[in-house]
Structure formats: structure tokens, C-alpha cells
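Biologist: Could you pick out one part of this model and take me through it slowly, starting with a helix and then moving to what surrounds it?

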Amino acid sequence: MKKLIALLLAATMVFSMAACSSGETAKDDTQDTSNTGDTTGTGETTGGEDWEIVVVPKDSSNPWFVRMNVGVEEYAEETGVNCYQKGTDQIDATLQAQLVQDLIAQDVDAICVVPVDIQSLDPILKEAKDAGIVVITHEGADLQNVDYDIEAFSNAGYGQFIMDNLAAAMGEEGVYTTMVASLTNGSHNEWADAAVEYQKTAYPNMTLLEAQPRVESNDNGDTAYNVAKELFKTYPELKGIMGTSSFDAPGVARAIQELGLRDKAFTTGTGMPADNAALLKDGVIKSLTLWDPAEAGKAMVSLALKVLNGEEVAAPLNLGIEGYDAMTFREGSTTVLEGQGWITIDAENVDSFGF
Amino acid sequence: MTEVKKHYRSNPHLYRLLAITVLWMLFMAVTRFDKFYTFKNFQTIAAQFPEFGLMSLGVMLCMMTGGIDLSCVGVANLTSILCALLMTKLAGESGVLSPATFPIIVVVVLVIGALCGAFSGLLVAKVRIPPILATLGVNELLTGICMVLTGGAALSAFPKEMTTMLAANIGGVLPVRLLVFVAMAVLVWFMLCKTTYGTKLLLLGTSEKVARYSGMKTERMLIRTYMTSGICSALGGLMMLSTYASARADYGSQYTLQTILIVVLGGVSPNGGKGKISGVILAIVLLKLLESGINRFQNISSYYISLIWGGVLILAMVMDYVTGDKRSRA
């Protein structure tokens, strides 16, 4: 009996509280509509700190997104903007979509999301846009219902950047070749094409290995290692291999190590810091290339803030973040913005990323 | 008052769950009132839980027989993928799906669910494979078929007329998906409480031997139960197709464990023979309220959702033990 009375008391309390504060909620709601309905911010009395900007990564345990969280938290600390990262505990398209729905129901001001799955998220983002929420995405160039999508770099720009790194290692001269995951992989081949094109004008003393200008690693470290070993044996003049997938350069480095070609042959390309710390410190690989998720997180929040404040978004766009300070629209697109957000990883900074 | 007391006596578990729910709602009221108690929030919750709520209803029935259904996500994904393909076919070259075809699609959904369920049921009842293995195998098999059908990619290029309708809110207020869930829940409730099926089901779960000796056709009962579960999951799949406007082999993979958590939290005994649909429905809503509530706290990581779900499950069981009557403790 006592339990029942306690239960009834609790219920009455909930209802009375609901009744008391319903007036307050209604007020909040009208205020919110005036905020979100009019994103240009004219007549906005609240300052930038009052915006609520949420970053939704693919999940919150992947080291890549833990690093992104570092960036978002740094940004909040530096600027005082109310932004934070909220992710699901595992990579799952449905979980992510539900989290975004929850955020829409909360009436946040902007949602920045790195989509797990484009197709399932697009209709949910439409709900967000319909509700007047600013939507910024990262690595989701094919999404339709967004204000803007941020890409760390253009494919051509990143290819040239890898080439700069390779040339530096090779002393700007010698024979090199390119490695991609597969000849049908879109972005890898675009990087490699751009790099080769760029080398012709920027590094005239380097030459592409004509017999085998492009080899495949199948996104597999062992394949990269075997292919590289074969290449170095067959073509003794070969001095450098440009990798694209994150398995290429580490695989090639193992071949260089094993064949005793250290400081005679070189490689560079995309690579994850923690996985390759030993190779970098050992000096087999002089540098790897990558983009920093922390900076991408900051860039998304910064762009969301710009849209919320009604500032003009036009190329070249300066988000005040290194690598994202002269962003341009992708050719033929009015929503996809590309930066120069690549970074070099070497023996000195490899331990500073945490992933 | 005696009426209420009597009701409490006969549903102690339900009231304990209700107490947890009220506590949580109070907690949300104190901490995040203006973020949580909004119409939009409850509308979102009501539109989100039907997909796994439907699956949970099916799992509940199977668990009452002392079995389990781990194939719900596989059935759901197969249904949504086949539906997407069927919608494209039915729309033909015009690319527009006429409302006249909606009933066909619903029938197909029910048939797919019934077939998949019947398959699991046959494995459990006739081949006598333990349910946990039989349904796990069926789940893998169906997911494999989904993979082959789609090549692992998401299907999103199909006519959206029907899914848009299902994803909409009637009059901008009531989510259609909630109605589908309520309809199915009422049907299952009717089967359990108003027909002899329910009594037989619990008897079967208590002791299959006794059930068989008392002249029950236990094999048919089991197959029928797994078929119902399959239909529930297939409807869940249709809800998922509507929500995400796309279908893929691996959507909702976390629901397998979530449905079991819900059903056990709802007071259904994993050994079978005991449980009420009211408890399971409350557990479905409670789990969603917990998840949505936690998402209102920007500093609390989503990891805490699993942590709190687990905590609530253990709390409910401990409360059962501490306050439960002596009879059920034995």
C-alpha cells in the first residue's frame, strides 16, 4: 500500500510540474521559431554563444572521431561557442539517423554530421532542414539536403601534396611509380593522376616508370609489400613509390627495409600515425600525408556558425582554421567546399595525434 | 482502492517498471525540462520505437514458449529490400507507385514475414534445433541473401509514395508508424488474452512435455508462434524502410540484442511460460525514453545508454527479487 501511495505522489508531482512549466515551454518554442525560421539572423538579439551546434561523428569510439572531438572541444574553449560532439557507441546507420532525429526534436541550431550511410541519412537531414536547422556535413559530398559539405581538400590538391612529399624524400630526382588500391578506385586514381601531372612541371628531374606507371595494392598491406618487392627487384633504377591508400606506403616501407634499400628508395602516401609510428621513427618512411579530423571538426562548427550568423558564404571562404582558410567550391557544385586541409606526419609529430 | 490494489498484486512487475519510468520522467523534468517535455520530442519518440517495438513483440511471443527469435533483424532487412525492389517493379517505367498497389505490398510483407517465421519454426519444432541456434542461423542466412541481393550497398532508388505515407504524421500530429505498432500490439494482445492461444502458449513455455501429453499440437503451436514473430519483424522492416527511405543488409543490427533486453526487462521469463504484453510494451517505451533522455545531455557520452539500459535491467530484476512474492522466487 505504501508503495502505491508513493507512486501516486510521484505521478502527481510530475503532472503538476508539467502543468507549471508548460507556459514556459510555449514561450521557448516561439523564440526558437524566430531563431531558426530566419537563419540570416536579422533582428537577432542573442549573441553567437547562444547557438547550439552539435557534431555527430560516425561513432564515438573510433580513434579518428575521438580526435575530431578534441578539435570540437578546443573550438568551444577558444571561442566560447556552445558546440559539442555527440556520437553513437557503434558505427550503425540507423543509430546515427535516430540520434539526428533526437537532435532535431531538441531544436538545436545546427547539426554537423559525418554520415555513416548517405542514403538513410538524407531523408532525416531533410527533416532537419525543414525544421530550419543548419546542416553541415563532412565527407558526404553526395548528400542532397545540406547547407554545405566540407571536404578537407580537392583530389587534385591532395595528389600534388603527396608528390611534394615524395619529391622531398627523393631529392627531387629519380624514377618513381604510383600505387593505388585498385585501378577502378575513383579518388586514388585522381590523386595519382594529379600528382603525375604536377611532377612534369614542378619536378622535371623526376621520371615516371614507364613500364609500370601504376600498380595495385588492393588496399592490403601484404599485397603492397609483395608488389613493391617485385618492382624494386625488376627495376633497380626505381627510387620512389607514391602510395595512395593507407596500406600502400607502410607495405612499401617493409619491402624497402627487407631489401636493405633504406635511404636509396623512398615512399610516402596516406597513412595513419599510430600504425606507422615505428616506421617513421625508424626513418624508412620520411613522411606520410593525411588530413586531421580535429581540424575538420573545427571547420564544420565554424561554417555552421557563419551560416547561423547570416554571413556570406562565398569562395574563397576563410573559416579561420589552418587548411580551411581558402576554401573553394567543387567544380559544378554550390554546396561542396574543398580546403587544403592536408597535413604531413613525420617522426616528430607522429605521437601528437592520439590515433 | 481495493481494485487498484488487486491490480497491483496481479501485475507487480508492471508497476515496478512504471515506477522506474516515472522516476526517469521526474529526473528528466528536474534536469532538462524544456528540452525533454516538448511535443516534438514525444512525437519523435513515438515515430522511432515502432520499428524495434514490432520486433520485440515477436521476440516476446517466442520467449514465452521458452524459445527466442534472433532472426528479427534479418527478416526486417530482407523485407525492406524485397519491398524496395517490388515497389520499383510495380511502379514500372512511370516511376510512380499508385496507391492501388499499397495493399499488394502489405500482403507481400506479411507473406515474407510468415515464410521466414515458418522456416525458423520448422527448424525449431520439427528438426528440433535449439531456438537460439536455429534463429541465429536463419538470421545469418537472410542477411546473406540481403547481401547478395544488394551487393552490400544501400537501395534508395525506388518510388517513395508508400514510404512517405508511412513516415508521415496524420494531421501533423500522429505518426502513422505508431498506428501500425498499436494495431499489431492490439492484435497480439487479443491473441494472448482473449483466445486460448495465449494460455496454451504459456503452458507450452512452462512444460512442453505436459503440453504435449495434454493433447496440444505443440509443433503447430511453435510454428504458428514463429510465424507471428516473423510477421512482426517484417512489419518492423517496412517501418525501417519508411524511416530511412532506403534499405540495406546491415541496418538495425543492434536491434537483435535490444529486443531481447526489452523482452526480459518487460518481465518475460527467458525460461518461458511467464510474461505479459503490457510489461513488454512499457519496456519498449521506457528504453526509448531512456535513450532520448540521455541524448539531451551534451556531456554524457552515448556509451552511457548501454550502461543505463543494463543498469535498469538489473534494477528491475533486483526489485523483482526484493519485493517479489515468495511463490515466484522459488
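**A helix and its surroundings**

Modeller: Helix α4(A) is followed by Gly132(A), whose phi is positive, near 80°. Please keep in mind that this is a predicted model, in which local features need pLDDT of at least 70, side-chain atom pairs count only at pLDDT 80 or more, and totals for chains, interfaces and linings use all residues. Residues are numbered from 1 along each chain as its sequence is written, while chains are lettered from A and ligands numbered from 1 in the order in which they are written.

Helices here are DSSP runs of H or I with at least four residues, strands are runs of E with at least two, and both are numbered from the N terminus. Helix α4 of chain A covers residues 118-130, and its end C-alpha atoms are 18 Å apart. That agrees with expectation, because 13 residues at 1.5 Å a residue should span 18 Å; the expected span is 1.5 Å times one less than the number of residues.

Which residues of α4(A) are buried? They are Gln119(A), Ser120(A), Leu121(A), Asp122(A), Pro123(A), Ile124(A), Leu125(A) and Ala128(A). Buried means that 20 or more other C-beta atoms lie within 10 Å of the residue's own (12 or fewer is exposed, in between is partly exposed, and C-beta atoms are placed from the backbone). Their cover includes α3 (93-105), β3 (110-113) and β4 (134-138) of chain A, together with α11 (218-244) of chain B.

Ala128(A) leads us on to Ile111(A), since these residues are in contact (C-beta atoms, placed from the backbone, within 7 Å). Leaving aside neighbours within four places in sequence, Ile111(A) also contacts Val54(A), Val56(A), Val100(A), Leu103(A), Ile133(A) and Val135(A). A nonpolar core is a set of buried Ala, Val, Leu, Ile, Met, Phe, Trp, Tyr and Cys residues joined through C-beta atoms within 7 Å. The largest one has 194 residues, and Ile111(A) and Ile136(A) are among those that touch the most other members. This core draws at least three residues from each of domain 1 (48-146 + 293-342) and domain 2 (155-289) of chain A, with bounds from an automatic or database domain assignment. The C-alpha centres of those two domains lie 32 Å apart.

Now follow Ile136(A) across the strands. Ile136(A) stands opposite Tyr148(A) in β5(A), and three bridges join the parallel strands β4(A) and β5(A); strands pair if DSSP finds at least two bridges between them. On β5(A), residues 148-151, Tyr148(A) and Ile150(A) point one way while Asp149(A) and Glu151(A) point the other, and all are buried. Tyr148(A) counts as buried because it has 24 C-beta neighbours inside 10 Å. Beyond four places in sequence, Tyr148(A) touches Ile136(A), Leu303(A), Val313(A), Thr335(A) and Leu337(A). Three bridges also join β5(A) to β13(A), residues 336-338, again running parallel, and there Glu151(A) stands opposite Glu338(A).

Finally, the wider setting. Chain A holds 10 helices and 14 strands, and 49% of its 355 residues count as buried. Across the chain boundary, 36 residues of chain B are in contact with 35 residues of chain A. The largest share of chain B's side, eight residues, comes from α2(B).

How values were computed:
Contact = placed C-beta atoms within 7 Å.
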